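Subject: Structure handover

Hi,

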Amino acid sequence: MTFYEMIDDLSYALQKEKLVIFVGAGVSKNSGLPSWGQIVQAFAKEIDYPMEGRLATEEYIRIPQYYYCMDESEGHSAYYSLLSSMIPTDCQPNLLDYLIVTLRPKHIVTTNFDTLLDQIARDYQIVREDRDLLTGISAHYLLKLHGDIRQPEKMVFKEDDYLQYSETHRLMETFLKYLLIGHVFLFVGYSLNDYNLKTFVSWIDNIAKEMHVKQKMHRNYLLCSSLHAGKEYLRKYYEGKGLEVIDLYQLPKEVEERACPVQISDELGRRTYAVLDLLHR
């Protein structure tokens, strides 16, 4: 597909109220919040975990688990305190947050722990845990898949949290898998090696196979920044899993030249804004 064919597909899904936007840490970065990797590195430093080279995907959830197992404080208070200290509660939403909410997708889903979207998504019912899906019916949800900083003991961060997710968040997982069947997913702020992204992609792939709709299932999309480094094999990998990749460093010239808000200082943030802004058409 060409870039503009993908934009047209996303715009059509938005118009038909079939677009679900997934928001990762790359969006919150524009409000000065740390990336998932930076939080994990803080935990690694505390336990003298060797940080030579790039962390493997599974280490992102295993390092916090190592810290948790070594933490002998009452109720693992040291673990929760360190995690809470990494995520300031006084940060303000950035222009990407506002743009995503203004687009008014059917649902917004995030794996971020911060409260940036909560502050502005006033027409969306916030879901932080299973019971929130039972307390009311809304046309638009903000699903916080991994909880948030206001309840650190319920945040999904370490390995055990991920391994037990299907039991501890059964309704939320079921709801997401239901959305996969009839909605278009757009992932924003995730890296290609993100553990969360790989989990969602496996759901897409498995559901398509189970329902024998691999060739007919609608496309889902990922805004990414890694392919410009020559990682074409990653594009093929994700396309094989039902995810179309929009390379933020291979945009049409006229899109790159679009005037983006000067308040977004991050180059990747500006490129993301330029693409999302096209969906307003």
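Let me begin with Phe 187: leaving aside neighbours within four places in sequence, this residue is in contact with Phe 22, Leu 197, Phe 200, Ile 204, Tyr 221, Leu 222, Leu 223 and Leu 243. Please keep in mind throughout that this is a predicted model. Phe 187 is also one of the residues with the most contacts inside the largest nonpolar core, along with Phe 22, Phe 43, Leu 145 and Phe 157. That core has 57 residues. Another core, of 37 residues, lies apart from it and includes Val 101, Ile 120, Val 184 and Ala 274. As general background, nonpolar side chains in soluble globular proteins tend to be buried together.

Next, the sheet. Seven strands make up an open sheet, and their order is S3-S4-S2-S1-S5-S6-S7 with parallel pairing. At the edges sit strand S3 (125-127) and strand S7 (243-247), each of which pairs on one side only. On average, neighbouring strands of this sheet are turned by 20 degrees against each other, direction ignored. Val 23 has Thr 110 as its bridge partner in S2. Helix H1 (residues 3-15) lies across S1, strand S5 (184-188), strand S6 (220-224) and S7, and runs at about 120 degrees to S7.

I also had a look at Gln 92, which you will find in the loop between helix H5 (77-85) and helix H6 (95-103). Is this residue buried or exposed? Gln 92 counts as exposed because its relative accessibility is 53%, and the cut-off for exposed is over 50%. Not counting residues up to four places away in sequence, Gln 92 touches Ser 31, Leu 116 and Gln 119. Its side chain also reaches the backbone oxygen of Asp 90 at 3.3 Å. Leu 268 is 176 residues from Gln 92 in sequence, and their C-alpha atoms are 19 Å apart in space.

Cys 260 is in none: the nearest cysteine sulfur belongs to Cys 224 and is 17 Å away, whereas a disulfide needs the two sulfur atoms within 2.5 Å. Cys 260 is partly exposed, with a relative accessible area of 22%, while Cys 69 is exposed, at 58%.

Best wishes

Definitions and conventions. Residues are numbered from 1 along each chain as its sequence is written. This is a predicted model: local features need pLDDT of at least 70, side-chain atom pairs count only at pLDDT 80 or more; totals for chains, interfaces and linings use all residues. Side-chain values use heavy atoms; hydrogens and water are left out. Buried means under 20% relative accessible area, exposed over 50%, partly exposed in between (1.4 Å probe, protein chains only). Helices (H or I, at least four residues) and strands (E, at least two) are DSSP runs, numbered from the N terminus. Contact means heavy atoms within 4.5 Å. A polar contact is a pair of N or O atoms within 3.5 Å; within protein, one must be able to donate a hydrogen and the other to accept it, and residues adjacent in sequence count only if both atoms are side-chain atoms. A nonpolar core is a set of buried Ala, Val, Leu, Ile, Met, Phe, Trp, Tyr and Cys residues joined through side-chain atoms within 4.5 Å. Two strands pair if DSSP finds at least two bridges between them. Axes are lines fitted to C-alpha atoms, for helices over the stretch in contact, and angles run from 0 to 180 degrees between N-to-C directions.
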